[in-house]
Amino acid sequence: MDYTINYEDERFKNVESAKQEELNNLNNTYTGMINASDNFYQQQIDATKDYADKQTELQNQNTQFAIDTINQQKEQAEKDYQREQKGAYIDYMKQTNQYGANAQGISRQGLQGSGYSESSQVSMYNTYQNRVGTARDTFNRAVLNYDNSIREAQLANSVQIAQIAYQALQSQLELGLESFQYKNNLLTQQLQLQQQTNDRYYSKWQDVLAQINAENNLREQIRQYNEQFAYQKQRDKIADQQWKKEYELSKKKSKSSGGGSSSATIPFTQNNTSKISENDKKVAESSAYVFDLIKNLI
């Protein structure tokens, strides 16, 4: 008889259900660990960005302060230039005023309108122009120096900002690589544990299959035993009927021969009884064998 494996057996379903439950717990655990890892490293990366932004802001503030200071110095230099220019003009006007002390002195000396007077006027004008020119040159050089200082501060600021950005980028790349390696290790562990779980439950599935095969084998042995027992029982019944016929025939022969002793039938009876006892013994031994199989399987 063919015993087909029922793969819908509840025991197979129980093994599969237990495996899926364990895999789900495993995957949920590692998903949580991976998400927590992503959050942690993202927070670290965001922190480096915030730090870089803050340092850049402070650097810009420092640079702007330096530039503001330089611009204040420029404004002061321009005020000094305007004051010097105004002072030179006032001094020139005082010297050239016809009612001034200098004009009266020349007049007292009788030099008014002379070449000396004209020469003095030219000299005073030249002095005025020299003072204004010198003040203007000084102011222009100061402005140039201040503008250069501003440019240097801006360039230095750009270098500092670039350095801050570079360092922040390096930190972010290092954290990103560390995050990738840590996550990769978690995924590797997860895959290994998944494989181990699948292997373990495949072994349990095989155990269930072996159990079902053993049960089918036992059923077949019981079927064969029952079949053999029925066959043997039928043979014993036939043998018993045959014995009774022979026994009756023997009795008839004994009576027809003059009613002698029936002891002649005893060996025949004992012989057949021995056969029946031997058959019962075989049946009992077969039963004990089957019962031992059932006991071992249980």
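Buried means under 20% relative accessible area, exposed means over 50%, and partly exposed lies in between (1.4 Å probe, protein chains only). This is a predicted model: local features need pLDDT of at least 70, side-chain atom pairs count only at pLDDT 80 or more, and totals for chains, interfaces and linings use all residues. Residues are numbered from 1 along each chain as its sequence is written, and side-chain values use heavy atoms, with hydrogens and water left out.

**View 1. A nonpolar surface patch on Tyr89, Ile90 and Met93.** Tyr89 is partly exposed, at a relative accessible area of 41%. Tyr89 belongs to helix 1, residues 10-96. Helices (H or I, at least four residues) and strands (E, at least two) are DSSP runs, numbered from the N terminus. With Ile90 and Met93, Tyr89 forms a patch of about 260 Å². Patch residues have over 30% relative accessible area and no salt bridge; like charges are joined within 9 Å, nonpolar side chains (Val, Leu, Ile, Met, Phe, Trp, Tyr) within 5 Å. Accessible areas come from the Shrake-Rupley method with a 1.4 Å probe; for residues, only the protein chains shown count as cover.

**View 2. The whole fold.** The protein has four helices and zero strands. Its pattern along the sequence is α-α-α-α. Of the 298 residues, 23% are buried. The protein exposes about 21300 Å², and carbon and sulfur atoms supply 51% of that area. Contact means heavy atoms within 4.5 Å. Among contacts between residues at least 6 apart in sequence, 87% join residues at least 24 apart.

**View 3. The largest nonpolar core.** Seven residues make up this core: Ile5, Phe12, Val15, Tyr201, Val208, Leu209 and Ile212. Helix 1 and helix 3 (115-256) are the elements that give two or more residues to this core. Helix 3 supplies the largest share, four residues. A nonpolar core is a set of buried Ala, Val, Leu, Ile, Met, Phe, Trp, Tyr and Cys residues joined through side-chain atoms within 4.5 Å. Leaving aside residues up to four places away in sequence, Val15 touches Tyr201, Lys204, Trp205 and Val208. A second, separate core has six residues, among them Ala77, Ala135, Phe139 and Val143.

**View 4. Arg11 and Glu215 in a salt bridge.** A salt bridge is a side-chain nitrogen of Lys or Arg within 4 Å of a carboxyl oxygen of Asp or Glu. The two side chains meet at 2.9 Å, N to O. This pair links distant parts of the chain: Arg11 lies in helix 1 and Glu215 in helix 3, 204 residues apart. Arg11 is partly exposed, at 29% relative accessibility. Asp9 joins Arg11 and Glu215 in a network of salt bridges. The whole structure holds 13 salt bridges.

**View 5. Lys183 and Asp38 in a salt bridge.** The N to O distance is 3.0 Å. Lys183 sits in helix 3 and Asp38 in helix 1, 145 residues apart, so the pair links distant parts of the chain. Lys183 is partly exposed, with a relative accessible area of 28%. Asp38 is also partly exposed, at 26%.

**View 6. Asp80 and Arg83 in a salt bridge.** Their side chains meet at 2.3 Å, N to O. Asp80 and Arg83 are separated by about one helical turn because they are three residues apart in helix 1. Asp80 counts as partly exposed, at 33% relative accessibility. Arg83, at 53%, counts as exposed.
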